[in-house]
Amino acid sequence: MANMSKKQVYRHILRLLKPYGWQVALTLLLALVSVAGNLLAPIIFGDAIDLIIAPGMVDFVCITEKFILLGVVIAATCAAQWLMNIINNSITYGVVKDIRAATFSHIQELPLSYIDSHSYGDLVSRNIADVDQFADGLLMGFTQLFTGVLTILGTLALMIALNWIIALIVFFITPLSLFVAKFIATRTYSLFRSAAVIRGEQTAFVEEMTDNLKVVKAFNREECNKEKFDDINERLTSASLKSIFYSSLTNPCTRFVNSIVYAAVALSGALTLIYPAALPVAFSVGKLTTLLSYSNQYTKPFNEISGVVTELQNAVACAARICELIDEPAQTPDAPDALELKDVKGEVKFENLSFSYNPDVQLISGLNISAKAGQRIAIVGPTGCGKTTLINLLMRFYDPDEGRITVDGNDTQLVTRHSLRANYGMVLQDTWLKSGTIRENIIMGKPDATDEEVVAAAKAAHSHNFILQLKDGYDTVIGEDGGNLSQGQKQLLCITRVMLCLPPMLILDEATSSIDTRTEMRIQSAFAAMMKGRTSFIVAHRLSTIKEADKILVMKNGNIIEQGTHDELIAQGGFYSELYNSQFAR
């Protein structure tokens, strides 16, 4: 998706705040009370000063009353500010919770084409680091922006009421402060966005290198990776320093303008007192004191707002990256009248199917495959011929560009993805295990499985013995992606997971690639029992493992060039025969 404009981001933020409307309204009310208290205090203080007329002419009774009233006003103001901060925190972290939930949920719904074309580290950075940055900016914006705007408007109105001439002087100097703040803010946004993008790149690189540290060390890539990281880190430092430098100019520049405002009020007020007849405005020392206090209050929000420009610009830049992810089109939803696959027999057909990941590069064209219920279909061919693509299409991770795939005569694009995938059991070459116990990983596809069923599946998959040798057996906690388990043990757990579910259709993509030969022989016998009566699609590079398949599909450049049983294909002496015999060539 193209970069979002600021207006689009602001509209997104307003939509996120909509569920918290009553809290926002209460915050505005408390902000109004807080500002009213801050504006009323200088008037009370100025009136108290005007009660001090000359030596011996001081109304102590009225002054005492004024100070009691001042204390009450200050206490009410502090209470309003305290409550406002509590509500602002509630709004901010509620919005952050909603954003993280929405982002994670949307990632689950994104098409795999998007996930495959974006680094995982960048997606993690958007959901964690960018949301944190946005939260900081949103919190500061709520606590200072609302009160700042109300203070500016309130003080200007009261200054006009006290002395409209001095108020006009302040009013005409104000645009200078606004111009400086806007000039700098418009330049910091692009810099902060650039820093956020580089931060995502850095997160992705660190995650990638950490996950593959053994490969890095095996190929002595440590120094090369350090150089690449240093390059990314240098670019991030440069972008961050530039954005901080420009945004840090805002505060001192606006403070300079604010000092001019204060000096203008003091000078014009003093001249009004010295030459009262020159101006048609009633004035007093108390009113000048009030005006000077208001000039500070009037300019203070500019300082506060300019002080959070850095956070606000950073927050908006991070919010843009989050909103772009949330706005990314989700996978095509199931049709409202989509069928639920039930009592599946397992008859699968590819009918005139065409597909490509890149529209400019055709991968599969006009493919026709027919698998009868209970057949074992092996798919072989050189790397990149489209074997794994067929698996992606069977599971509807991708949809075909043309043609269709049917299960028991039902077009898979007209059935729910959940029911389709529930009828497939899949074991891939790339294992995936979550953080948790061995048992939790096995029962992923059947959460209500009994202990007896889990043990039976583990015995069938030949994983029971090694599980018992672990410290806590089936209750052993493993880390992300299997922790310290060997690749073969992880693959056995994935096979056990499928053994437990036993769906009507199976997909085995190099399912025994990481298992020793002796265990593989046992697994193959278990697979043979498991596949009996179930439609099975087997992708294998070791052709000796698929000799018993009912049908072997030989793929090359996205097309089926040969098909038949092992003996039939060997007898033909074609491409399959060459592939098979190449395993034994010296």
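Two strands are taken to pair if DSSP finds at least two bridges between them, and helices (H or I, at least four residues) and strands (E, at least two) are DSSP runs numbered from the N terminus. With these terms in hand, four bridges join strand S5 (residues 376–380) to strand S13 (residues 551–556), and the two run parallel. The structure is a predicted model, in which local features need pLDDT of at least 70 and side-chain atom pairs count only at pLDDT 80 or more, while totals for chains, interfaces and linings use all residues. Residues are numbered from 1 along each chain as its sequence is written, and side-chain values use heavy atoms, with hydrogens and water left out.

The protein has 21 helices and 14 strands. Of its 586 residues, 46% count as buried (under 20% relative accessible area; exposed means over 50% and partly exposed in between, with a 1.4 Å probe and protein chains only).

S5 and S13 belong to an open sheet of six strands, ordered S8-S11-S12-S5-S13-S14, with mixed pairing. Strand S8 (424–427) and strand S14 (559–564) stand at the edges with a single partner strand each, so one side of each is left without a neighbour in the sheet. On average, neighbouring strands of this sheet are turned by 15 degrees against each other, direction ignored; axes here are lines fitted to C-alpha atoms, for helices over the stretch in contact, and angles run from 0 to 180 degrees between N-to-C directions. Ile379 stands opposite Leu553 in S13. Helix H21 (residues 575–582) packs on the sheet and touches S5, S13 and S14 (contact means heavy atoms within 4.5 Å). The direction of H21 makes about 95 degrees with that of S13.

We may turn next to the interior. A nonpolar core is a set of buried Ala, Val, Leu, Ile, Met, Phe, Trp, Tyr and Cys residues joined through side-chain atoms within 4.5 Å. The largest such core has 39 residues, of which Ile438, Ile442, Ile467, Leu493, Ile546, Ile552 and Tyr576 touch the most other members. Helix H18 (residues 487–501) gives the largest share of this core, seven residues. Leaving aside residues up to four places away in sequence, Ile546 touches Ala378, Val380, Ile538, Ala540, Ile552 and Tyr576. A second, separate core of 31 residues includes Leu341, Ile405, Val539 and Leu553.

At the other end of the numbering, helix H1 covers residues 6–17. Val9, His12, Ile13 and Leu17 of H1 are buried, whereas the face turned away from the buried side carries the exposed residues Lys7, Leu14 and Arg15.

Technical notes: The expected span of a helix is 1.5 Å times one less than its number of residues.
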